Amino acid sequence: MEREQGRALAVQLAKAPVERQAGRLEQREKENKKMKDQNTTARSKFLSLVLRHSPETIGLTLDEAGWARTDELLACLARSGRPTRLEELQRIVADNNKQRYSFSADGKRIRANQGHSIKVELGLEASSPPAVLYHGTATRFLDAIFHEGLNRQSRHHVHLSDSVEVAAQVGSRHGKLALLQVDAARMQGEGHVFYRSDNGVWLTDVVPVRYLLKLPS
């Protein structure tokens, strides 16, 4: 009995360093993944800046439809101290949870799907929206919204969603969440035009107050 207990203890003692090493490796992998995710997020945010708002920040040129040459974008990023490989750029585009960016069919051009503050013509065609759409915002903006309606501000369009969950995610980024329901069917029936971006965001020029309803928190 004592001999068996001794062997069991020896096995446990032998396993302990291996388990500690495995634990350290697992922790290191988690830390590396976290750093990689943070780096990807930072790159995606900077890509949003140059493709939506300030391409001149890195000396990039967009055409009238918002497209940039992929090779020119990579060269400009490198010159600005943010070298990015094509594979990394492709991963940013593919993995973005809101699908903010698109490559052209041949992969030689890239653009943001919507959300520009600079003048571009995305070539979107008018589309019939669902009967109801949603907009997420912060409660501190409600007084202004129910006085003026939803305006596009510095963007080309007001952004709406056909998903309550997506609207809530967007609104929660701005503070205490307020969800608004938009009577899109009535809007369209009274002459308002809607567009749908390549990544599924519904766009319109303005949403007057009479089409808005605040949903319960």
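Which residue in S9 is the bridge partner of tyrosine 195? It's leucine 203. Keep in mind that this is a predicted model. Here's a quick tour of the strand pairings and the nonpolar cores.

**The S6-S9-S8 sheet**
- Three strands make up this open sheet, ordered S6-S9-S8 and paired antiparallel.
- Strands S6 (158-160) and S8 (195-196) sit at the edges with a single partner strand each, so one side of each has no neighbour in the sheet.
- S8 meets S9 (residues 202-204) through two bridges, in the antiparallel sense.

**Pairings around S3**
- S3 (residues 109-112) runs antiparallel to S1 (residues 68-69), and two bridges join them; arginine 69 has arginine 109 in S3 as its bridge partner.
- S2 and S3 form a hairpin with five residues between the strands, where glycine 107 takes a positive phi near 75°.

**Nonpolar cores**
- The largest nonpolar core has 18 residues, and Leu47, Leu51, Ile58, Leu60 and Leu73 touch the most other members.
- Helix H1 (2-53), helix H2 (70-79), helix H3 (86-95) and S3 each give two or more residues to this core.
- Leaving aside residues up to four places away in sequence, leucine 51 touches Leu60, Leu62, Ala68, Tyr101, Ile110, Arg111, Ala112 and His116.
- There's also a second, separate core of 16 residues, including Leu142, Ile145, Ala178 and Tyr211.

Definitions and conventions
Residues numbered from 1 in each chain as written. Predicted model: local features only at pLDDT ≥ 70, side-chain atom pairs only at ≥ 80, totals over all residues. Heavy atoms only, no water. Pairing = 2+ DSSP bridges. Helix = DSSP H or I, 4+ residues; strand = E, 2+ residues; numbered from the N terminus. Core = buried A, V, L, I, M, F, W, Y, C linked by side-chain atoms within 4.5 Å. Buried < 20%, exposed > 50% of the residue type's maximum accessible area, 1.4 Å probe, protein only. Contact = heavy atoms within 4.5 Å.
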